[in-house]
Amino acid sequence: MSSRTLQTRARRRAAEPEPPPASLAPARPAPAWVPALLLVLAIVATFWPVCAHEFTNWDDGLNVTHNPRLIGHSASALLEFWRHPYQGLYIPLTYTTWWLLATVAGVDTPDATGAALNPYVFHTANLLVHLGACLAAYRLLRVLTGRPWAAWAGGMLFALHPLHVEPVAWVTGLKDLLSGLLSLLALWQYVLFARAAITDEGNRTDDRANAEAVTDHRAWHYAAATGALIGALLSKPSAITVPLMAAAVDLWVVRRPLRRVVVSLLPWMAVAGTFCLIGVYAQPVAAGIGANAGADAGPIWMRPLIAGDTLAFYMGKFLLPIGLAPIYPHSIKHVLSSTALWVAWLAPAALATVAWVTRRRAPWVAAAAAIFIAAPLPVLGLVPFAYAEISTAADRYVYLGLLGPALAVAFLFSSEAVRHSRTERQIAWAACTLVFPLLAGLSFVQTGYWHDSPALFNRALAIDPSCDVAYSNLAADALVAGRRADALGFAQQAVRFGPERAQNQVTLGIILQQLGRHNEAGVAFLHASEADPGNVVALTGLAEELGRAGQTQKAIAICRAALQTWPESSYPHRCMALLQSQQGQQADALREAETAVRLDPSDALCRVTYGQLLDKAGRHAEAAGQYALAAALSSHPSQAAQP
C-alpha cells in the first residue's frame with residue numbers, strides 16, 4: 001500500500017468525530033425532552049399541595065390582599081408601583097404580576113380577613129414560576145455540561161430541596177421566584193453569549209457571512225441576558241449579585257480570560273449599581289441611613305463574622321434540611337450574643353479554601369462555591385437590611401444560591417470518573433435514587449406547614465418557643481376568628497418575648513381596643529410609636545385613643561403624621577374622619593371617610609364610618625347602602641396590623 005494511500009486514510013480518520021465516551025444515559029439515549037419532562041413531573045408531585053393553600057398574615061395582606069394599589073385593579077394604581085417604591089421596596093415587576101393575578105382572582109364574598117381574592121390562583125402561579133426557574137436551571141446546566149442526564153441530576157437537586165418550599169408555598173415568595181427565574185434566564189443567555197464569543201474570537205476562516213452570523217448571535221444572546229437581568233432586578237433587588245455569579249461561571253467554567261470577562265460584565269455592573277442606588281432610596285436602612293440602622297446591624301468590624309455565621313447556617317440547612325421554619329432565632333441581636341459567632345465563619349472559609357485550591361484541577365468547584373456565597377451576599381449581614389431585626393437567615397434568601405450545589409452535582413455526574421467507570425455510574429445513580437426521593441419527601445411534608453397562618457406560626461413556635469413574631473401573628477389570627485381571650489394571651493406572650501418590637505405592641509393595642517380596654521390600648525400604641533416613630537398603625541391607634549380621651553387636637557396632629565407616612569392606608573383616613581367629625585368639620589370628615597372606602601372597599605369598618613357620616617349629612621339612602629355593604633363584608637378587626 002502506497003504512502004499516499006496511508007496518509008489519505010489517516011486524514012480521513014482524523015476528520016471523523018471521536019466516538020462519545022460512556023455517558024450517564026442508557027445505551028440507547030432517550031430523547032432530549034425526557035429529562036426535562038421527568039424534572040417537571042417530580043416538581044409537580046412534590047409541590048402540588050401548595051395550590052390549595054390559603055393566604056397567611058405573614059406579609060400576604062400587606063403585599064396582596066389588603067394592598068391599596070391592587071384593590072380595584074386601577075391602571076393608575078398599577079403605574080404607582082413603577083413610579084414609587086412600596087413599603088420600602090422597588091419591585092414593580094412583581095407587583096405588576098400580582099396586579100394581573102388579582103384581576104382574575106377576584107371573588108364575590110371576602111373571607112374572614114376581608115380578602116376578596118382567591119388564594120389558589122396566587123399559589124398556582126408560584127408553582128408555575130418555580131417550574132420555569134427549574135427548567136431554566138436545567139437548560140443552563142445542560143449548556144455548561146453538554147450532558148442532559150447530568151444536567152437533570154443538578155436540576156433535581158435545585159428543584160426539590162426543602163429550602164425552596166418557603167418561596168414556593170408563600171404567596172409573598174413570588175418576588176424570590178420571579179427574580180430567580182429571570183436571573184437563571186440571564187445566566188443561561190450569558191453563557192451562550194460567552195461561548196459564541198469564544199467561537200467568534202477563534203474563527204480564522206475567510207467565511208465572512210459565517211463570522212457575521214456568529215457575531216449577530218452573540219449580540220442577541222447578550223441583549224436577552226441583559227433584559228432578563230433588568231427584569232430580575234425589577235422583581236427583587238437582591239439580583240444585583242447575578243453579575244458576580246456570571247463572572248464565576250465565565251471565568252471557571254466557560255474559561256474565558258479575566259480581561260474579557262470584566263469587559264463583558266461592565267455594563268451589568270453599571271445596571272446593578274443603578275439598582276443599588278434605587279434600593280438605598282427605597283429602603284434607607286439598607287444603606288445604614290435610617291435611625292439606629294448602624295447599631296441594629298452590629299459593629300462594622302463584626303459584620304464579616306455575622307456574614308460567616310449566616311453562611312454557615314445555610315450550609316448546615318443545605319446538608320441537613322430539617323428543622324426548617326418561617327422564622328429562625330437568628331436576629332442580629334441573637335447572633336452577636338452567641339459564642340458560635342467566633343467559630344462559625346470557619347465553615348464557609350473552608351469551603352472557599354477548597355474551591356480556591358481546586359480551581360485549576362476542578363474549576364467547577366470554584367464556580368459552585370462562588371455562586372452559593374455570592375447569591376445571598378446582600379442579606380448576609382455585611383450591610384443593614386430590614387429583616388435582620390427578625391433574622392439574618394431565611395430559606396428564601398438562598399433560592400438562587402442553590403444553583404451552586406446544582407452545578408457541582410451536574411459536573412460531578414459528567415466527570416471522567418463517572419462517565420468511564422461503570423461502578424462510579426452505579427454509585428452515582430444509587431445516590432440519586434436515595435437522595436432525590438428523600439428531598440422530595442421532606443419538601444412535601446414542609447409544604448404542609450405553610451397551609452395557613454395557624455399551621456405556619458405553630459411550626460415557628462415548635463422550632464423556637466420564644467418566637468415573638470409567631471405569637472403576634474397567632475394573636476391577629478385568633479382575633480379574626482373571634483377568639484379574643486386567645487388573641488390577648490398570644491399578644492401578651494409576644495410582648496413578653498419581644499417588648500422592643502413595635503409590631504408586638506401594635507397587635508396588643510388592637511386587641512385591647514377590641515376588648516374595650518382603651519387606656520391600656522393607648523399605652524401599648526404609645527410604646528409602639530416610641531419604638532418605631534414611623535409605624536402608621538401605632539400612630540393611628542394612638543390618635544384614636546387620644547380622640548376618645550378628648551385630646552382631639554393632639555390626636556389630629558398625630559393622625560396627620562400617619563397620613564404623611566402612608567397616605568395609601570385606609571386606617572388613618574378613617575381615623576381622621578372620626579376626629580374631624582368630633583370637631584364639627586363634617587365636610588372634611590366626609591371626604592376622609594370616602595377616601596378610606598376608596599382605598600379599601602373590602603373594609604367593613606370604613607363603610608360603617610362612611611355610612612354614619614352620610615347619615616349626619618342627611619344622605620340617608622346612601623348611608624343605608626354603605627351599611628348594607630358593610631353587613632355583607634367580613635370585618636377584619638386585626639387588619640390594621642397590616643393596613
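Modeller: A salt bridge is a side-chain nitrogen of Lys or Arg within 4 Å of a carboxyl oxygen of Asp or Glu. The model we are looking at is predicted.

Biologist: What makes the contact of Glu622 and Arg619 a salt bridge?

Modeller: The N to O distance between their side chains is 2.9 Å. The cut-off is 4 Å, so the pair counts as a salt bridge. In general, side chains of opposite charge can pair when their charged atoms come close.

Biologist: Why is Glu622 called partly exposed?

Modeller: Its relative accessibility is 39%. Buried means under 20% and exposed means over 50%, so a value in between is called partly exposed. Arg619 has a relative accessible area of 32%, and therefore is partly exposed as well.

Biologist: How do you know that Glu520 forms a salt bridge with Arg517?

Modeller: The closest N and O atoms of Glu520 and Arg517 are 2.8 Å apart, and the limit is 4 Å. Glu520 has a relative accessible area of 38%, so this residue is partly exposed. Arg517, at 31%, is partly exposed too.

Biologist: What is the closest N and O distance between Glu544 and Arg574, and what makes the pair a salt bridge?

Modeller: The distance is 3.0 Å, which again falls within 4 Å. This pair links distant parts of the chain, with Glu544 in helix 27 (residues 536-548) and Arg574 in helix 29 (residues 570-582), 30 residues apart. Both residues are buried, which means that each has a relative accessible area under 20%.

Biologist: How many salt bridges does a search of the whole structure find?

Modeller: It finds 13. Some residues are linked in a network of salt bridges: Glu389, Asp468 and Arg501.

Biologist: How do the directions of helix 23 and helix 24 compare, and how do you know?

Modeller: The axes of helix 23 (residues 468-480) and helix 24 (residues 484-497) cross at roughly 160° and come within 8 Å. That makes the two helices roughly antiparallel, because angles over 145 degrees count as such. The crossing is left-handed.

Biologist: Which residues of helix 23 and helix 24 meet?

Modeller: Among them are Asp468, Tyr471 and Leu474 in helix 23, and Arg484, Phe490 and Phe497 in helix 24. By class, the contact has ten nonpolar, two polar and three charged residues.

Biologist: At what angle do helix 26 and helix 27 pack?

Modeller: Helix 26 (residues 518-531) and helix 27 pack at about 145°, with their axes 8 Å apart. Their crossing is left-handed. Residues that meet there include Phe525 and Leu526 in helix 26, and Val537 and Leu542 in helix 27. The contact divides into eight nonpolar, four polar and two charged residues. Gly522 and Gly541 take part in it, and they are counted as polar because Gly is placed in that class.

Biologist: Why is Thr94 called buried?

Modeller: Thr94 has a relative accessible area of 0%, and the limit for buried is under 20%, so the label applies. Thr94 sits in helix 5 (residues 92-104). Leaving aside residues up to four places away in sequence, Thr94 touches Lys175, Leu178, Leu234 and Ser235.

Biologist: What share of the residues in the protein is buried?

Modeller: Of the 643 residues, 54% are buried. The secondary structure comes to 32 helices and zero strands.

How values were computed. Residues numbered from 1 in each chain as written. Predicted model: local features only at pLDDT ≥ 70, side-chain atom pairs only at ≥ 80, totals over all residues. Heavy atoms only, no water. Axes fitted to C-alpha atoms, helices over the stretch in contact; angles between N-to-C directions. Helix = DSSP H or I, 4+ residues; strand = E, 2+ residues; numbered from the N terminus. Parallel < 35°, antiparallel > 145°, perpendicular 65-115°, else oblique. Left-handed = near helix turned anticlockwise from the far one by under 90°. Contact = heavy atoms within 4.5 Å. Buried < 20%, exposed > 50% of the residue type's maximum accessible area, 1.4 Å probe, protein only.
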